[in-house]
Amino acid sequence: MVAMLVSHHIAAVAPPKVFSATAANAIGLEAVTELFEDKLGGVNNENNPGPLTTGYREINWDAPIVPFNMPGNFFRATVTRGLQVIAKQGKFAVSNDPNTHDNRFSTFLGQYPGIFKTFSPQRLFTPVLENKMWIRFFVPGTNKALGQNLPALVRGFGIIFTDVDFYGKTKLILFDQYDRKIGVYNAQPKNNGLTFLGVILEKTDPRGIKRVRVILGNAKVGFRDGAAYDVVTMDNFFYGEPIAVSHW
């Protein structure tokens, strides 16, 4: 038997558009995030089940329903946003849970409320056991536990980071539907402030974004942020409407 090698040749396409900005507070990032939303489709589809073909999704972590110890599939299986996060042992945390005394991850280290600002008050998000994670997309409203499994692609993805200190440590690495690297994009530093980093593929780009690798500084939560360690957490996620791979 002769093995067949399948080559997915992609004609030359325009490079993705990168949106990057820093600010001392949320007001300073409103213009760039509004532009990013507009380029993604302009309409926030919120919890509407798919399949949809236009608009974008946003996660801000702020609803009381989001637990402090959030499972990675929460915004896929419980809330219909079509996004799943993956990290070591599936451990994630969302700050300021109404059932705890946490304030911007003060339960990990008392230093954090003084350095972590929010874009949309008042909750933040982080993996717990490492400073990195994967993001995968699914058609919103489809749940693997119910026998459904509709992986999806998006045209753009962006994150609000908080307290980025070192350039080249906090980054997004995007992969296309064939698991080829689209690019590596570094977040700009803003000590004790906010950083937005987003990437959008051109409408004529056939690749789609299948998964995103997120690297947060050089240390996980629990380390003291300072000269040696850059501890970074996240606020809002913005991403294009997840569309099934078969319909891309």
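This is a predicted model: local features need pLDDT of at least 70, side-chain atom pairs count only at pLDDT 80 or more; totals for chains, interfaces and linings use all residues.
Which strand does N192 lie in?

Residues are numbered from 1 along each chain as its sequence is written, and side-chain values use heavy atoms, with hydrogens and water left out.

Back to N192: it lies in strand β11, residues 190-200. By strands and helices I mean DSSP runs, E of at least two residues for strands and H or I of at least four for helices, numbered from the N terminus. Phi of N192 is near 60°, a positive value in a residue other than glycine. N192 has a relative accessible area of 27%, so it is partly exposed. On that scale, buried is under 20% relative accessible area, exposed is over 50%, and partly exposed is in between, using a 1.4 Å probe and protein chains only.

Q89 also has a positive phi, about 55°, although it is not a glycine. You will find Q89 in the loop between β3 and β4, and its relative accessibility is 61%, so it counts as exposed.

While we are on the backbone, let me show you the cis peptide bonds. One joins G50 and P51, with omega about 5°, and P51 sits in the loop between α1 (30-40) and β2 (56-59). Another runs from P121 to Q122, with omega near 10°; Q122 is in the loop between β4 (92-94) and β5 (125-127).

Now let's step back to the whole chain. It holds 2 helices and 14 strands. The C-alpha trace spans about 60 × 45 × 40 Å along its principal axes. For 248 residues, a compact globule would have a radius of gyration near 18 Å, and this chain has 18 Å, which agrees. That radius is taken over C-alpha atoms, and the globule rule is 2.2 Å times the number of residues to the power 0.38. Buried residues make up 52% of the 248. The accessible surface comes to about 11,400 Å², and 53% of that belongs to carbon and sulfur atoms; the area is from the Shrake-Rupley method with a 1.4 Å probe.

How much of the contact count comes from residues 24 or more positions apart? Among contacts in the chain with a separation of 6 or more, they account for 74%. A contact here means heavy atoms within 4.5 Å.

Next, an open sheet. Five strands run in the order β3-β6-β12-β9-β10, with antiparallel pairing. Strands β3 (83-86) and β10 (181-186) stand at the edges with a single partner strand each, so one side of each is left without a neighbour in the sheet. From one strand to the next, the twist averages 20°, where axes are lines fitted to C-alpha atoms and angles run from 0 to 180 degrees between N-to-C directions. L83 stands opposite F137 in β6.

With 40% relative accessibility, V184 counts as partly exposed. Beyond residues up to four places away in sequence, V184 touches K171, L172 and I173.

What about the inside? The largest nonpolar core has 40 residues, and F161 and F237 touch the most other members. Strand β8 (residues 156-164) gives the most to this core, with 4 residues. Apart from it lies another core, of 15 residues, including F36, Y56, I160 and F238. A core here is a set of buried Ala, Val, Leu, Ile, Met, Phe, Trp, Tyr and Cys residues joined through side-chain atoms within 4.5 Å. Leaving aside neighbours within four places in sequence, F237 is in contact with several residues, among them W61, L83, F125 and I135.

T233 lies in strand β13, residues 233-240. Not counting residues up to four places away, its contacts include F105, F116, I160 and F161.

Methods
Two strands pair if DSSP finds at least two bridges between them.
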